[in-house]
Amino acid sequence: MEKDSNTPHADVLHEEDGWHRQPYDNDPPLVKGNLSFHEITDLVAYHTEKKTPITWFLAFGVASTGLMILFLMLAYQVYNGVGVWGNNVPVGWGWPIVNFVFWVGIGHAGTLISAILFLFRQRWRTSINRAAEAMTLFAVMCALIFPTFHVGRVWVVYWMLPIPNQMEMWPQFKSPLLWDVFAVSSYFIVSLLFWYVGLIPDLATLRDRAKGLRAKVLAFFALGWTGANRHWRNYEKSYLILAGLATPLVLSVHSVVSFDFAISIIPGWHTTIFPPYFVAGAIFSGFAMVLTLLVVARKIYGLEDLITLDHLEKMNIIILVTGSMVGFAYITEFFMAWYSQVEYEQYAFINRAFGPYAWAYWIMMTCNLISPQLFWFKKLRRSIPVMFALSIVVNIGMWFERFVITVTSLHRDFLPSSWDYFSPTWVDVLTFVGSFGLFFTLFLLFLRFVPMVAIAEVKGVKPEADPHFYDHEGDGHAAEAPQIAIQQPASEAQDGPDDVDDSTAPTTD
Amino acid sequence: MAELKRSSLLTWLVSPFQPTREHADARFTYRGSSTLYLALLGLGVALLIVSLVGWAVDAKQFFFSYVVGWSFALTVTLGALFLTLIHHITKSHWSVVVRRIPEAMTWMFPVLAVLSIPILLGMHDLYHWTHEELYDPTDPHYDEILAGKRGYLNTPFWLARMAAYFLIWTFLSYRLLKLSLRQDLDPDRSIPKKQRRTAAWGIPVFGVTTAFASYDILMALDPHWFSTIFGVYIFAGAFFSASATIVLLALLLQRLGGSLRGIFTKEHYHDLGKWMFAMTAFWAYIAFSQYMLYWYGGIPEETVFYRHRFEHGWQWHSYSLMFFHFVLPFLILLPRASKRILPVLGVMTGWFLVIHWFDIHWIAMPVYDVFYGAGHAGFSWISIACGLGFLFFYLGLTLYHLQRHSLVPYNDPRFVRSLQFESV
């Protein structure tokens with residue numbers, strides 16, 4: 001091949017040649033407030049170093065109470081058996097599977113943000129990926145509770161794993177429930193690794209600011225990171241490889257979850273669009289949960305300059321897109337049920353929309369298909385109250401989606417004599433409430449001990465991080481000085497340490 | 001300032017605006033000779049005319065072969081429209097220098113609308129559900145299932161839907177093309193915003209029309225069979241083939257047309273190569289989901305689709321599809337180098353187009369086999385003439401359309417960033 005197609009473009013365009021050169025269409029800066037690198041570090045690291053605020057203890061108290069409820073409910077269930085749940089004869093899969101799918105779905109946003117958006121060069125992901133990934137891990141943990149305890153004899157739950165044994169007993173490899181074990185656990189492991197690899201430079205930053213035992217602990221987890229060129233090289237390589245590995249996993253996990261339903265021949269479950277439609281729904285619900293958490297966290301922790309309104313707006317657009325995809329899938333299912341002329345399919349869908357669970361169906365439709373359409377309006381997608389309310393509406397809607405799929409298809413099966421109405425018991429309800437306790441306990445611990453924004457990555461999207469930034473500004477030192485001067489007031493508004501002198505580490509009062 | 005003028009009525013069909021290339025810098029325009037596109041066009045038209053001989057010889061075979069070739073061209077065009085839409089909605093930089101190629105490809109819609117005439121004439125042979133006797137309860141051919149679907153699958157409604165799809169697609173393409181070409185003459189800063197707005201409503205409209213068009217054109221060939229993922233399957237193939245076609249057209253413009261040197265760089269090829277790679281995996285994901293779920297369920301009215309494709313030699317087509325649509329291209333395109341070594345990428349574009357045509361052939365042709373009892377798999381010469389005819393015609397016409405204007409939207413505010421783009 002000739003060299004031409006790869007020669008730099010610099011010699012292609014000369015302004016004096018008279019073509020209409022337009023000025024750069026610079027996107028608005030991703031980090032607001034004209035923060036310097038040091039101020040970004042301070043802004044994020046401070047929250048892991050300061051004295052624990054009383055409000056955190058209050059929140060933690062509430063969350064861990066929820067966790068205690070979860071423990072109690074699980075103990076009660078293990079002692080008494082699965083019968084304490086509302087699952088009955090036609091509805092063998094009740095709330096446990098609904099909650100499992102609900103939580104797994106939520107656990108999709110983090111790795112989508114960190115892996116797929118990374119491959120798509122969406123640099124805005126850097127402000128939100130850390131918290132979203134953490135949330136992903138916690139959501140997957142919450143999800144795993146339900147199938148684990150639904151097996152009934154939780155003490156032999158390891159039978160789900162293909163462990164060689166003298167009884168020659170193996171799990172059923174043809175069952176998608178077993179595929180779930182593999183899919184969810186590999187997703188969890190890769191997401192955890194991905195999260196941890198991304199954390200290493202930031203842990204080293206914290207380590208360098210810490211003293212005593214704290215420094216030692218952080219040093220252990222920072223794996224001897226010095227920020228050397230070689231370290232960065234390895235880091236970026238492994239980050240890319242992990243992103244490549246995590247990308248198919250984002251799709252595979254919820255596809256396998258959808259197989260749990262779709263491989264059966266139960267009307268309403270057995271439909272081929274389930275895998276992509278479940279994935280879209282998972283991203284939809286995951287983003288809604290990230291939004292719920294970050295809208296609050298950015299306010300409380302004063303991170304509005306890092307997690308800006310632009311970031312939130314982009315998340316809202318993803319919610320609009322995935323919500324519409326899910327909505328179109330609902331309509332496609334309905335249309336195909338009619339088009340197929342299979343009477344069972346037709347009945348299943350008519351029964352969904354107009355049967356005893358019509359209320360749930362229409363909650364689902366309103367929350368998932370209609371409400372996100374509000375995000376067509378720029379004003380609404382940039383309004384914090386609207387997006388906060390909608391994110392909760394979407395989470396409710398996505399829970400109902402799983403409820404509608406699970407319960408409406410099962411409660412009237414092929415044998416009308418066994419038709420029944422499903423109602424949850426108080427144990428169902430409190431177990432689900434308790435899973436939120438687990439989720440928020442873990443999330444609060446994360447907020448307290450781990451830098452909640454990827455410090456190093458956010459710095460990387462600042463214009464100053466561009467190797468050519470100083471091309472027109474001398475050697476860089478000249479340009480740096482005035483910048484620091486400008487930024488003083490911005491940091492004052494944040495967390496208070498009065499002297500933002502470059503050399504002083506923030507006080508850990 | 002010059003104005004964008006509409007072409008005369010006949011030219012409008014192939015290229016809706018009068019040439020604007022003289023306003024552009026010479027480096028941005030087509031520098032090759034007209035032989036390239038005229039040869040491709042001539043070859044394409046000749047092959048299509050040859051295929052018309054097939055009409056006289058074996059009309060039923062011709063209609064099926066033709067619908068395969070025509071759907072092949074239509075899906076590539078839909079993929080190009082989708083790429084244009086996401087380019088605008090995501091405000092992406094890298095694809096600004098690429099943009100004119102998919103834009104030109106979308107102007108195949110009106111041409112394909114005209115070229116649908118043989119399909120309309122062959123509807124009775126192509127679409128079993130057009131037979132009146134199926135709906136007469138006293139007739140021995142009465143078909144209860146099709147009678148139930150008649151509200152959707154009936155000729156007037158089908159024609160109305162097709163007309164609606166083509167009107168919508170043409171309107172979308174026309175609007176985006178017009179805004180884009182106007183940008184060359186008038187660097188109006190409001191144009192990118194208008195393009196983005198069009199893309200915003202265009203994407204959901206595109207999604208719905210593509211899904212239903214795939215049911216109407218291809219799924220309806222086998223009117224008893226249904227699959228909710230079918231629209232996604234066709235969309236995956238469309239994106240798959242369009243990304244390859246863009247690379248192929250860019251290579252033709254550069255290698256044979258001597259244009260866009262140093263503008264359309266290896267970096268842009270690399271990114272398009274990534275799309276090709278991603279789409280081979282996405283297609284496999286969708287194809288596997290459909291196959292696995294039907295295989296596992298084992299319900300006769302669903303698995304019949306695959307049964308037909310696993311007998312009478314069609315099984316070799318099915319296996320080939322798995323290996324040549326997914327396994328091999330996936331492995332070949334996985335390394336970074338193969339997306340940056342242009343001869344390799346060039347070979348892969350040809351591969352992609354052939355295998356995409358093969359995919360459509362695999363969807364449509366077994367139906368012919370079932371209804372008209374050819375009894376064995378394989379390729380009719382009519383299918384090959386139609387397939388290659390549509391391919392060459394497509395490339396030639398797109399190049400003809402491209403060379404009338406600047407090959408890059410040099411007034412796009414993101415143009416410079418696109419030139420400076422480096423793929424990682």
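**Where the chains meet**

Modeller: Start with the contact: chain A puts in 50 residues and chain B puts in 67 residues. Keep in mind that this is a predicted model.

Colleague: What makes a residue part of the contact?

Modeller: Distance. Contact means heavy atoms within 4.5 Å.

Colleague: How much area is buried between chain A and chain B?

Modeller: About 5200 Å². Carbon and sulfur atoms give 64% of that area.

Colleague: Why is the pair Asp271(B) and Arg121(A) called a salt bridge?

Modeller: The rule asks for a side-chain nitrogen of Lys or Arg within 4 Å of a carboxyl oxygen of Asp or Glu. Here the closest N and O atoms are 2.4 Å apart. That value is within 4 Å, so the pair counts as a salt bridge. The rule finds one salt bridge across the interface of chain A and chain B.

Colleague: How many residue pairs are in polar contact across the interface of chain A and chain B?

Modeller: The rule finds 12, with both residues at pLDDT 80 or more.

Colleague: Which elements of chain A give two or more residues to the side that touches chain B?

Modeller: Helix 6 (176-209), helix 8 (229-262), helix 9 (274-300) and helix 10 (309-340) of chain A. Helix 10 of chain A gives the most, with eight residues.

**A patch on chain B**

Colleague: Which residues form the nonpolar patch on the surface?

Modeller: Among them are Tyr291(B), Trp295(B), Phe310(B) and Leu328(B). Together the patch residues have about 1000 Å² of accessible area. Helix 14 of chain B gives the most, with seven residues.

Colleague: What makes Leu328(B) partly exposed?

Modeller: Leu328(B) is found in helix 14 of chain B. Its relative accessibility is 31%. Buried means under 20% and exposed means over 50%. The value falls in between, so Leu328(B) counts as partly exposed.

Colleague: Where is His312(B) found?

Modeller: In the loop between helix 13 (300-308) and helix 14 (314-333) of chain B. Phi of His312(B) is near 55°, also a positive value.

Colleague: How do you know whether His312(B) is buried, exposed or partly exposed?

Modeller: Its relative accessible area is 46%. That lies between 20% and 50%, so His312(B) is partly exposed.

Notes. Residues numbered from 1 in each chain as written. Chains lettered and ligands numbered in written order. Predicted model: local features only at pLDDT ≥ 70, side-chain atom pairs only at ≥ 80, totals over all residues. Heavy atoms only, no water. Helix = DSSP H or I, 4+ residues; strand = E, 2+ residues; numbered from the N terminus. Buried < 20%, exposed > 50% of the residue type's maximum accessible area, 1.4 Å probe, protein only. Patch = residues over 30% accessible without salt bridge, like charges linked within 9 Å, V, L, I, M, F, W, Y side chains within 5 Å. Areas by Shrake-Rupley, 256 points an atom, 1.4 Å probe, with all protein chains shown as cover. Buried area = accessible area lost by both parts, 1.4 Å probe. Polar contact = N/O pair within 3.5 Å; in protein donor to acceptor, adjacent residues only side chain to side chain.
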